[in-house]
Amino acid sequence: MNDQATLVATLASTWFATGLAPAVSARLAALARPVSAPAGTVILREGEGTDLLGVVITGRVALRTLVPERGEATILTVEPGDIYGWSALVPPYRATSTAVAIEPLEAIVFPGTALRAALHEDPALAAALYPRVLLAVSRRLTATRLQLLDLYAAEQVRSW
Amino acid sequence: MVMTPPPPAPLPALAGPRFLSRDGIQPLLDLLRADGRRVIGPTVADGAIVMDEIVSADQLPRGWGDDQAPGRYRLVRREDDRLFGYNLGPSSPKAWTFPSLVPISRATRSEGKVTFDPVLPEPPKIAFLGIRACEIAALRIHDRVLQGGPFVDTDYAARRADTLIVAVGCTVSAPTCFCTSMGSGPELTAGHDLAIVETEDGLLVEAATPAGETLLAALAARVATPEERARATHEVAATRARIGDPVALPGLKERLLAQPDHPRWAEVAERCITCGSCTSVCPTCFCTSVTQTTDLAGADVVMNRTWDSCFSPSFAKVAGGSFRSRPRDRYRQWLTHKLATWEDQFGTPGCVGCGRCVTWCPVGIDLREEAAAIAPVRPPEPVIAPVAATPGAFAVGRVSAVRSETADTTTLAIDRLDPAFAAGRPGQFAMVDLPGFPPLPISISRFTADGLVLTIRGAGPATRVLCGLQPGDEVGLRGPLGTAWPLDRVAGRDLVIVTGGIGLAPLRPVLDAVVADRERFGSVRLYYGARTPADLLFRDELEGIWPHAGIEVALTVDRAGSDWSGPVGVVTHLFDRATWDGSATHAFVCGPERMMQATVAALAARGIGAARTWVTLERHMECGIGLCGHCQMGSLFICKDGPVFSIAQLGDTFGREGI
């Protein structure tokens, strides 16, 4: 992943960024850089500023939240093709959970400030990217609602 | 008011069949012609026996027969002088009641004005001589299609209005015949005026209508002897026996329509040259086009109704292209229309079993063979009579082993059971009872040589006591009960199994079957979601046996601690972005109903539709055998009709609140 063409191709192989128009894809790739991190790396910390929007290429990122006396609970994993750090696009640009690579991670990341500036000045990029971010977040939201129902719990466990 | 009885029906003028020598056919021809009719009957022409106008009995195919097979027709000399000793040739009454080209309208276009004048036919009065039971059935089908609905084909109606039918009951048959399967022959039952059965003696003629009686009376034929009648009955019965029952019609419609993706459609299309021979010789095919012929100026136009064929490339064409561009789609359209969808449209199949499409196919494609290959009759699953099949009876089994799966779920192996239990099928359940507790429906999570395995979550008082049983303890069982996962349907296909929580239990016997005969199935993928990593059932299988057997296993949990490195999230996220092709995949789903709804929607988005997705449902049951009334869901009893259902079978009731 060391040249622009590879970056474009890698991005296009993810469901998040597949099928972008060539111009948009090139613009996005110009902002992107590949990263890798060993398992155990903390990528984002809940409540802290989110500097990077990332797309997982390989590996797995756990989104965790601290519950007193229960410790860190993983509430979702981000699998290849999906994004993490979407809070880099949404004020106040602070992470909503702690993100930890729980398998060796290869990702493509976009610096938040530069990406926001590009989205602001390039309506074509914004029109292409925002629906994809919204789709990724809504897929996660819908799933979270199902998880909230705690469907696999035994009958007598009622949380309300 | 005083009711008076109706007057007794007049006795038929002539009772029973009359006997005519073969030479007696000429007077019949003369009578029909004297009635002002063109007689259309069989004659030898162009190497075949065809229908054409007959003025003399000498034109009949006396002493001729034929040799027919898929893609083959030859005239052969008979060793006798029968007039009707041949099987059907390529032409049928359709050529006269529904000609291949008729003008239907004359139109003009001049200086921007247009006119249309429908052409009203003045058809000749026709008598059909020698047509068979299957052809009368075909005429009845055309009657329904072309004049039985709110709109009528006036040309057909006019031609059909005054047709007289002298039919022949079949004493011969070709290897291509299958009227017996389609319920259209070989016996003459209705729709004719005169019925002839030809035997070695001569012709037995019987009237079926007043017009037929008039003709028969004028022929002054003697009454047939009992021996002559017996021979005629015997010869037609022998024809039925010879033909047998080559097409399994009951359920064929459903079986065919369940196979839109069968690979055989593409295979038959390799042979099919889409020539449309089958549709042009078919006595029921009615699809037409309107062709227009104009003068040079384009001002005077004749609109003709012409036969068309669903095999022609332009048949399903619109401005953007053809809806059925591939031969396989056209063959499927034709076969499923003939044998399945026609029934929904017109009340019967669109095929009468005449076999012409088989004989006259230049490459010998046999509709019977294709239907049997695409929609085979599955031998009925042997019905396992449940043990202890009354509400008060339970068979006693002994707990032979206990395994704690999770904090609240226990697996009990039960042995010393009636062999009927071990013969149960994946997906079936048992009613389990301990005296003092209500009987409960429990999924069977494995079948063993002398019993079964139950996986039970201790969610209430009775299940908690069951989970606490020890080896040697006894328990009451009724079963095996209910429907099974349709393993036969998925044999040779790709299978996706999506389960959540305890829902893996009723699917473990399916996975056992896959492990036992891995070659029987295509790719098998298991997607399993649990509450937490500690709630995953059957760890040995999940982590060892199933992956080693070539089953792709993917697990997820709703929440996890930092010691879990697998996926966390809903089970649908394991496959909603996967890249496998769902177009020919089948899916088995079990879990909480809300989870199954989300799964069914996600599977549908991957191309796995309602007919290829099965779920197993859970409802309150007291008996498990359809007597207590608790488990009703719409028109279904979950215990008897289920618990395994296809989504197509459940329709709108699946996931609807309060049903």
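Visitor: In which order do the 6 strands of chain B close into a barrel?
Guide: In this predicted model, 6 strands of chain B close into a barrel, and their pairing is antiparallel. Neighbouring strands of this sheet are turned by 45° against each other on average, direction ignored. The order of the strands is β17-β18-β21-β20-β19-β22.

Visitor: How many residues of strand β21 of chain B are buried?
Guide: A residue counts as buried under 20% relative accessible area. Strand β21(B) covers residues 451-457 and is mostly covered. The number of buried residues is 6 of its 7.

Visitor: Which residue of β21(B) is the bridge partner of Thr448(B)?
Guide: Strand β20(B), residues 440-448, and β21(B) pair in the antiparallel sense over 4 bridges. A hairpin of 2 residues joins β20(B) to β21(B). The bridge partner of Thr448(B) in β21(B) is Gly451(B).

Visitor: At about what angle to β20(B) does helix α17 of chain B run?
Guide: Helix α17(B) is formed by residues 508-516. This helix lies across β18, β20 and β21 of chain B. Its angle to β20(B) is about 15°.

Visitor: Which strands stand at the edges of the open sheet of 8 strands in chain B?
Guide: The open sheet has the order β3-β2-β8-β9-β10-β11-β1-β12, with mixed pairing. Each edge strand has a single partner strand, so one side of each is left without a neighbour in the sheet. The edge strands are β3 (48-53) and β12 (222-223) of chain B.

Visitor: Is α2(A) roughly parallel or roughly antiparallel to α3(A)?
Guide: The axes of helix α2 (residues 22-31) and helix α3 (residues 112-121) of chain A come within 10 Å and cross at roughly 155°. Angles over 145 degrees count as roughly antiparallel. The crossing angle therefore makes α2(A), relative to α3(A), roughly antiparallel.

Visitor: How many nonpolar residues does the contact of α2(A) with α3(A) have?
Guide: From α2(A), the contact is made by Arg27(A), Leu28(A) and Leu31(A). From α3(A), Ala114(A), Leu115(A), Ala118(A) and Glu121(A) take part. The residues of this contact include 2 charged and no polar ones, and the number of nonpolar residues is 5.

Visitor: Is the crossing in which α3(B) passes α4(B) left-handed or right-handed?
Guide: The axes of helix α3 (residues 133-147) and helix α4 (residues 154-161) of chain B come within 9 Å and cross at roughly 140°. That angle makes α3(B) oblique to α4(B). The crossing of α3(B) past α4(B) is left-handed.

Visitor: Which residues of α4(B) make the contact with α3(B)?
Guide: On the side of α3(B), the contact is made by Leu139(B), His142(B), Asp143(B), Leu146(B) and Gln147(B). By class, the contact of α3(B) with α4(B) has 4 nonpolar, 2 polar and 2 charged residues. The residues from α4(B) are Tyr156(B), Ala157(B) and Arg160(B).

Visitor: Which residue does a cis peptide bond join to Pro643(B)?
Guide: Most peptide bonds are trans. Pro643(B) lies in the loop between α20 (638-641) and β30 (644-646) of chain B. Omega of its cis bond is about 10°, and the residue joined to Pro643(B) is Gly642(B).

Visitor: What is omega of the cis peptide bond of Pro91(A) and Pro92(A)?
Guide: Pro92(A) is found in chain A, in the loop between β6 (83-84) and β7 (98-101). A cis peptide bond joins Pro91(A) and Pro92(A). Its omega is about 5°.

Visitor: Does Phe538(B) count as buried or exposed?
Guide: Phe538(B) lies in the loop between β24 (524-530) and α18 (539-548) of chain B. Its phi is positive, about 50°, although Phe538(B) is not a glycine. At 1% relative accessibility, Phe538(B) counts as buried.

Methods. Residues numbered from 1 in each chain as written. Chains lettered and ligands numbered in written order. Predicted model: local features only at pLDDT ≥ 70, side-chain atom pairs only at ≥ 80, totals over all residues. Heavy atoms only, no water. Buried < 20%, exposed > 50% of the residue type's maximum accessible area, 1.4 Å probe, protein only. Pairing = 2+ DSSP bridges. Axes fitted to C-alpha atoms, helices over the stretch in contact; angles between N-to-C directions. Parallel < 35°, antiparallel > 145°, perpendicular 65-115°, else oblique. Contact = heavy atoms within 4.5 Å. Nonpolar A, V, L, I, M, F, W, Y, C, P; charged D, E, K, R; others polar. Left-handed = near helix turned anticlockwise from the far one by under 90°.
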